[in-house]
Amino acid sequence: MKLTLVIIMVCFLSYHNEATLQVGFYRDKCPFAEAIIKDEVTKSFLKDQGIAPGITRLQFHDCFVRGCDGSILIDSTPTNQAEKDGPPNGITVRGFNVLDNAKARIEAVCNGVVSCADILAYATRDSVVLTKGLYWDVPAGRRDGRISRASETSDIPTAFFNLDQITQSFAKKGLTQSDMVALSGAHTIGRSHCFSFTDRLYRFDTKMMQDPNLNPYYAQFLKLKCPRDVHGILNQTLVVFMNQSPLLMDQSYYGNLLKHAGLFMSDQVLLDSQKTAQQAAIYAANGLIWQADFVKAMIKMSQIQVLTGEQGEIRANCRVINP
Ligand code: HEM
């Protein structure tokens, strides 16, 4: 009886160890990995500041499809349409070259040791810090997935989701509604293509052209930035900044929600329940509270369904599954 208990305990502990990520995972295995990633992200950021929001979004999209396994970084092949070419990604995702450059330099010093999924996790932390967000120690030890399917990107919530739908989509990944409210604040940095929200301006539903939940002054501003031509056609390359400080991890996102100036429907609906509206109001009043909650939720998100131990692989090139 005692022996059975010990065996069960050992099995549980070894399983538990395997499934747990670790801060400082590469300290002995590849001591310069973190520094190389930071250097590459910083260098690219100085050339194009948009890569910081770009990389932050990549991690969200990676973790929501088959867990944080670097599968968003894999290129499509003639026989497989990969996640990066799925509907929520395509021309809207950016930052891949930065990760490629970091990976190439890391491979040159420690071959086959650092996963692409971990490189993305470190690069995301560095991106948040470069946009004046809080620093955190990244738990690492993720392995790379060997599957990437465009069809599975339906796990990523869309900008037209209502509060229940977003809450459920996060719950499916083990995140609470409160995590979701904190994580949505990432929309304080970056840009959006006009096509991601113009339904709210021009064809909201069968009765109304414009979303009544959208501040009319903000709607007017967005229409100027995202005009349609005489045939009602929108230029697919047009973009707008998320808000007035698109390079700063500040609480302006939540302040804007209170003014009904959230860019996406999925942003504005955070005011649709008393609980989520209260959380947004607390964040709008105190950016530090938001930043602390954001970091906690990011660490949680970055551990969704991770592959560890002997699972998956360490990809040699983040774009290609090992032969
Ligand atoms: C309710 C869930 C969410 C929805 C529906 C959503 C949707 C979107 C959409 C439609 C865009 C614009 C893409 C474009 O047209 O260029 C965007 C941008 C962005 N999203 Fe989200 N998102 C959500 C949650 C998140 C989360 C959890 C994060 C990160 C933690 C995040 C980070 C970003 C960032 C940083 C950008 C700007 C990207 C850039 O500048 O390249 N989003 N999101």
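**Entry 1: the two domains.** I began with the distance between the domain centres, which, taken over C-alpha atoms, comes to 24 Å for domain 1 and domain 2. I note at the outset that this is a predicted model. The bounds I worked with place domain 1 at 21–155 and domain 2 at 163–301 of the protein chain. To the contact, domain 1 contributes 22 residues and domain 2 contributes 22 residues.

**Entry 2: the area buried.** I looked up the area next, since the size of an interface is often given as the accessible area lost when the parts come together. Between domain 1 and domain 2 about 2000 Å² is buried, and carbon and sulfur atoms give 72% of that area.

Entry 3: I then asked how many salt bridges the rule finds across the interface of domain 1 and domain 2. The search returned 2 salt bridges there. I also looked up the pair Asp155 and Lys173, which form a salt bridge in which the closest N and O atoms are 2.7 Å apart. For polar contacts between domain 1 and domain 2, I counted 5 residue pairs, with both residues at pLDDT 80 or more.

**Entry 4: the side of domain 1 that touches domain 2.** Here I found that helix 3 (51–63) and helix 5 (116–130) each supply at least two residues. Helix 3 gives the most to this side of domain 1, with 5 residues. Sorting the residues of this side by kind, I recorded 11 nonpolar, 7 polar and 4 charged.

**Entry 5: disulfides.** I searched the whole structure and found 4 disulfides. One of them joins Cys30 to Cys110, with an S to S distance of 1.8 Å. I noted the link of Cys30 and Cys110 as right-handed, with 45° about the S-S bond.

Entry 6: By the rule I used, the count comes to 19 salt bridges. Among them I looked at Arg105 and Asp39, whose side chains meet at 2.7 Å, N to O. Because Arg105 lies in helix 4 and Asp39 in helix 2, this pair ties together parts that are 66 residues apart in sequence.

Notes: Residues are numbered from 1 along each chain as its sequence is written. This is a predicted model: local features need pLDDT of at least 70, side-chain atom pairs count only at pLDDT 80 or more; totals for chains, interfaces and linings use all residues. Side-chain values use heavy atoms; hydrogens and water are left out. Domain bounds come from an automatic or database domain assignment. Contact means heavy atoms within 4.5 Å. Buried area is the accessible area (1.4 Å probe) that two parts lose on being put together, summed over both. A salt bridge is a side-chain nitrogen of Lys or Arg within 4 Å of a carboxyl oxygen of Asp or Glu. A polar contact is a pair of N or O atoms within 3.5 Å; within protein, one must be able to donate a hydrogen and the other to accept it, and residues adjacent in sequence count only if both atoms are side-chain atoms. Helices (H or I, at least four residues) and strands (E, at least two) are DSSP runs, numbered from the N terminus. Ala, Val, Leu, Ile, Met, Phe, Trp, Tyr, Cys and Pro count as nonpolar, Asp, Glu, Lys and Arg as charged, and the others, Gly among them, as polar. A disulfide is a pair of cysteine sulfur atoms within 2.5 Å.
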